[in-house]
Amino acid sequence: MSISLIIPIGADNIEYENYRPYIFNFAPDGISLCIKSIQGLDLNRFDNIYFTILEKYDKKYYLSLLLKLQFKKLGLSNAKVVVLDEPTTSQAETVYRTVNCENIEGAIFVKDPDGYFCGDFTIANSIAIYPLDKLEMVNPRNKSYVELDDQFYITNIIEKKIISRFFNAGGYIFDDAAVFCKYYERLYLYEQLFMSHIVYAMLLDNIPFRPFEVKDFQDWGSERDYNYYLLDRLWKY
């Protein structure tokens, strides 16, 4: 089964008018954070890799060129930059527009650009999870939490409310991009639409989701969080 990796970076922010979005800043090894965010995955498993960005910031900061040079350096011949002419209102909309712009078929793996994890996965409806109690530092209000039954199926996912020890680590797999789009079209008018709302609607229709627990989770939810992570590593080593 084909699977595409989508890294949605379509949000607008007034801070980005004067400063390049931090997620395009460089890690100590010279790789942009948004590319670093996917390096814990086996990238050979993906037919295509899509980084979706905004045209206004592409023109201002030459983001397409920055990314493409790194694709070449890293040998990511199947990676592509998708440029949207207008900001999106949600991560789900960015994914939806990417699927439609690129005529993506088959499964999709949606990966947040502001964090890192390692782990294997099966091509099936699923969510990357990590236990809250394994983190040394975390802002629990910025997570979506996942509840599991005794058969290890996901029964609930909810934003910013701790209903279990597991939270979404920033990865979603949908085994059919067309089904994802159908549910987005049903919910797109929902105020503050999250990816978790798409999953929850599918759960209500008895579409099963499995979790896959990841390792070496790193939370870069903001530039401040990433700087703290770097300082913490320096103190440890």
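Strand E11, residues 215–219, contains aspartate 216. Although aspartate 216 is not a glycine, its phi is positive, at about 50°. The residue is partly exposed, with a relative accessible area of 41%. These values, like the others in this report, come from a predicted model.

Tyrosine 62 is another residue other than glycine with a positive phi, here near 55°. Its place is the loop between helix H2 (55–61) and helix H3 (63–74). Tyrosine 62 has a relative accessible area of 57%, and because the cut-off for exposed is over 50%, tyrosine 62 counts as exposed. A positive phi, near 50°, is also found at asparagine 103, which follows helix H4.

## Surroundings of helix H4

Helix H4 spans residues 91–101. Eight of its 11 residues are buried, so H4 is largely enclosed by the rest of the structure. The buried residues are Ala92, Glu93, Thr94, Val95, Tyr96, Arg97, Thr98 and Val99.

The cover over these buried residues includes four strands, E1 (3–8), E2 (48–54), E3 (79–84) and E4 (107–111). Helices H5 and H6 (195–204) are also included in that cover.

## Packing of H4 against H5

The axes of H4 and H5 (residues 177–187) come within 10 Å and cross at roughly 130°. That angle makes H4 oblique to H5. The crossing is left-handed.

On the H4 side, the contact is made by Ala92, Glu93, Val95, Tyr96, Val99 and Asn100. H5 contributes Ala177, Phe180, Cys181, Tyr184 and Glu185. By class, the residues of this contact divide into eight nonpolar, one polar and two charged. An α-helix has 3.6 residues a turn, so residues three or four places apart point the same way.

## The nonpolar core

The largest nonpolar core holds 80 residues. Those that touch the most other members are Phe51, Leu67, Ile108, Phe109, Phe174, Phe180 and Ile198. Phe180 is also one of the H5 residues in the contact with H4.

Which residues does isoleucine 108 touch, not counting those up to four places away in sequence? They are Ile3, Ser4, Ile6, Val95, Val99, Tyr172, Ile173, Phe174, Ala177 and Phe180. Among them, Val95 and Val99 belong to the H4 side of the helix contact, and Ala177 and Phe180 to the H5 side.

Key: Residues are numbered from 1 along each chain as its sequence is written. This is a predicted model: local features need pLDDT of at least 70, side-chain atom pairs count only at pLDDT 80 or more; totals for chains, interfaces and linings use all residues. Side-chain values use heavy atoms; hydrogens and water are left out. Axes are lines fitted to C-alpha atoms, for helices over the stretch in contact, and angles run from 0 to 180 degrees between N-to-C directions. Helices (H or I, at least four residues) and strands (E, at least two) are DSSP runs, numbered from the N terminus. Angles under 35 degrees count as roughly parallel, over 145 as roughly antiparallel, 65 to 115 as roughly perpendicular and the rest as oblique. A crossing is left-handed if the near helix is turned anticlockwise from the far one by less than a right angle, and right-handed if clockwise. Contact means heavy atoms within 4.5 Å. Ala, Val, Leu, Ile, Met, Phe, Trp, Tyr, Cys and Pro count as nonpolar, Asp, Glu, Lys and Arg as charged, and the others, Gly among them, as polar. A nonpolar core is a set of buried Ala, Val, Leu, Ile, Met, Phe, Trp, Tyr and Cys residues joined through side-chain atoms within 4.5 Å. Buried means under 20% relative accessible area, exposed over 50%, partly exposed in between (1.4 Å probe, protein chains only).
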